[in-house]
Amino acid sequence: MKKLSVVVAGTGQIRDVEIQSGTTAGDILHQLNLGDYLLSKGPNEPFFAAAESVYDKVKDGEKIFASTKAEVGITVCA
Amino acid sequence: MRVRELGSRPAPVSIRELISRVVRGHGPAISVERREIPYWRERGWTYDGTNYTGSYQTPYAAFRGWIEERRSGSNFFLYSPSAQIKRHSHWVCFTPRGSDWYLVHMARRPKDVSSGILTIERLITEAYQK
C-alpha cells in the first residue's frame, strides 16, 4: 500500500488516498469523484492515462495533482 | 604503569553541545500544517478581482502571464514567447495581441485557472524537451 496526497489544483484541497498495486489513475479519480479531471505528478510530467497503473510511478507519501482537462490548440492543431 | 594527570581543560563547544543533546534527547515534534491553496496562488500568481497576474514556471524557463476571467471562460496570455515555444507544434495556437503578448487559444478550456496554468506550463516544458 502507498499513501498519496491528491491536490485538486483549482481549489488546493488535498485528498489523501491509499492505493494498492495495480491501482489506475481512473480508479483514483473515480474514487474521489473527480470524473472530469486528469492526474499528473506536476506541470513538468505528462498526465496519467486513465487505465495506467499509478502505483509503480509514485512514491509513498507523494503529492500528485488533479486538474481539469484542457488542451492548447485550435480545431486544426488540437 | 603510573599515570600522571597534568591538568584538565574544557571540551570544545561542539562536543559539549553534542553530549548535551544526547542527554536531553529529542525535543517535542513540531506539527507542520500543510497548506491547501489553489495552484495559481502556490505559484505566486495574484488576483485583482478580474485578472490574474504571474508567471508560467518550468525548470527550463519562466514567462510572464496574465489571465482574464470572462463569463465565457478564462483567456490565457503569455508574454514574449521564446524560440523554443515558437518551434512547438502548437505555436499556431498563439495569437499576437500586441506588445509581444500572445493569447494562448484553448481547444478545450479548463474549468479553473489553475488547470490552465498547468496546461501551459506543460506545453512550455514540452517545447524545451523536444
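Guide: Welcome! Contact here means heavy atoms within 4.5 Å. This is a predicted model, in which local features need pLDDT of at least 70, side-chain atom pairs count only at pLDDT 80 or more, and totals for chains, interfaces and linings use all residues. Residues are numbered from 1 along each chain as its sequence is written, chains are lettered from A and ligands numbered from 1 in the order in which they are written, and side-chain values use heavy atoms, leaving out hydrogens and water.

Visitor: Which residues does B:Ile120 touch?

Guide: Not counting residues up to four places away in sequence, B:Ile120 touches A:Val72 from chain A, along with B:Tyr56, B:Phe76, B:Leu78, B:Val104 and B:Met106.

Visitor: How should I read a nonpolar core, and how many residues has the largest?

Guide: In soluble globular proteins, nonpolar side chains tend to be buried together. A nonpolar core is a set of buried (under 20% relative accessible area, 1.4 Å probe, protein chains only) Ala, Val, Leu, Ile, Met, Phe, Trp, Tyr and Cys residues joined through side-chain atoms within 4.5 Å. Here the largest has 28 residues, and B:Tyr56, B:Ile67, B:Leu78 and B:Ile120 have the most contacts inside it. A second, separate core of 18 residues includes A:Val17, A:Leu34, A:Leu39 and A:Val54.

Visitor: Is B:His88 buried or exposed?

Guide: B:His88 is buried, with a relative accessible area of 6%. Leaving aside neighbours within four places in sequence, B:His88 is in contact with B:Leu123, B:Glu126, B:Ala127 and B:Lys130.

Visitor: What polar contact does its side chain make with the side chain of B:Glu126?

Guide: A polar contact is a pair of N or O atoms within 3.5 Å; within protein, one must be able to donate a hydrogen and the other to accept it, and residues adjacent in sequence count only if both atoms are side-chain atoms. The one between the side chains of B:His88 and B:Glu126 is at 3.1 Å.

Conventions. Buried < 20%, exposed > 50% of the residue type's maximum accessible area, 1.4 Å probe, protein only.
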